[in-house]
Amino acid sequence: MPLTHRGREIIGRLPHDVAIGRGIGCEIVRHEELCVGCGTCAKNCPSGASRRGDTFDVNQLLSAPADSRRGALGAALQRIARHAPAGVIAVPERVTVFRTIFYDEEECLGCGACARNCPVEAIEARPAVVPAAPAAEATS
Amino acid sequence: MSGAGVEAPAAKPAGAKKSAGKRGGNAVKPGGGERTIVAFCCHECAYAAADAAANARTSLPPTVRLVLMPCTGRVSPLHLLSALADGADGAMVAGCLEGQCHYREGNFQAIDRVAFVQRLLESVGVEPERVRMFTMSAGDPPRFVAAVREMDRVIGSLPPLERA
């Protein structure tokens, strides 16, 4: 999202390594394995970068760690499964969790509203990474 | 019939015990003819109907295990799937008639969750009929008995559920 005139002015006054990319913001790290798919992040997202889908990829259940909520369901499903999941299924309207959350990094402002509101702390808002920082930190 | 009639009252304490020990798994012998169906019953309707059916000495299939729920809205996909994974061949959810939920819309949530679990099962190649939702009123024990017998018939016609 483009910054306003005033925003650009403020950024101009900051040390150059604070202003990154197209604005100032947190680095949003999503821990998909902890996500329950409730869509609270999407509800609170001001830019529409997070979107709550109407579908669910069953493979997400099986790849979740065993001690997570999705993992418990995945473990039960794995025990009775006859073959690998066929893929994406539609989620009925009143099933509020178990949805795939689509996150578009390009749209993200880095405001951290999703991380503040996530009920299971699956989203982390880290301090912005300066482009000159070590590559391992920047790409994680 | 009198011998079978004694069964129905006995099913209730078994169901109550089952809810406590469900996680431990009550594994059915693989390949055996015996099937197990876990019935999650709403306290307001289906369990009352089951109670009335038992008082009337109606026999229930011996395969069914009743689990008392405060409302079918409490039933989560994990309840249904872990019942199947831990030894049941089928799971049924019995709740109030549509629009008559004691908590307004718990049964609608249950209907959608059951549909979700059916799609989950379908995607991994398990028959979706193994999980089913029934609705009934508290004053309609024959409908409860018919639902349980229907479930028993469907599960009986399917092969025992194989587990990894």
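**Notebook: the sheet of chain B and its surroundings**

I began with the sheet of chain B, which is open and has four strands in the order β2-β1-β3-β4, paired in parallel; two strands pair if DSSP finds at least two bridges between them, and helices (H or I, at least four residues) and strands (E, at least two) are DSSP runs numbered from the N terminus. At the edges I found β2 (64-69) and β4 (131-135) of chain B, each of which pairs on one side only. From one strand to the next the twist averages 20°, where axes are lines fitted to C-alpha atoms, for helices over the stretch in contact, and angles run from 0 to 180 degrees between N-to-C directions.

I note that this is a predicted model, in which local features need pLDDT of at least 70 and side-chain atom pairs count only at pLDDT 80 or more, while totals for chains, interfaces and linings use all residues. Residues are numbered from 1 along each chain as its sequence is written, and chains are lettered from A and ligands numbered from 1 in the order in which they are written.

**Strands and helices of chain B**

I then looked at β3 (residues 90-95) of chain B, which runs parallel to β4(B) and is joined to it by five bridges. Which residue of β4(B) is the bridge partner of B:V93? I found B:M133 there.

Helix α3 (residues 77-85) of chain B packs on the sheet, where it touches β1 (37-42), β3 and β4 of chain B, and its direction makes about 145° with that of β3(B); residues are in contact if their C-beta atoms, placed from the backbone, lie within 7 Å. Helix α4 (residues 106-123) of chain B lies across β3 and β4 of chain B and runs at about 160° to β4(B).

I next took helix α2 (residues 46-55) and helix α5 (residues 141-157) of chain B, which pack at an angle of about 95° with their axes 8 Å apart. That makes α2(B) roughly perpendicular to α5(B), the class for angles of 65 to 115 degrees. On the α2(B) side the contact is made by B:A46, B:A49, B:A50, B:A52 and B:A53, and on the α5(B) side by B:P141, B:F144 and B:V145.

**Where the chains meet**

The contact between the chains takes 21 residues from chain B and 22 residues from chain A. On the side of chain B that touches chain A, the elements that give two or more residues are α3 and α4 of chain B, and the largest share, nine residues, comes from α4(B).

From chain A I looked up A:V91, which is placed in the loop between β4 (88-90) and β5 (101-103) of chain A. Is A:V91 buried or exposed? A:V91 is buried, with 22 other C-beta atoms within 10 Å, and a residue counts as buried if 20 or more other C-beta atoms lie within 10 Å of its own. Not counting residues up to four places away in sequence, A:V91 touches A:D54, A:T55, A:F56, A:F98, A:R99 and B:F116.

How values were computed:
Two residues are in contact if their C-beta atoms, placed from the backbone, lie within 7 Å. Angles under 35 degrees count as roughly parallel, over 145 as roughly antiparallel, 65 to 115 as roughly perpendicular and the rest as oblique. A residue is buried if 20 or more other C-beta atoms lie within 10 Å of its own, exposed if 12 or fewer, and partly exposed in between; C-beta atoms are placed from the backbone.
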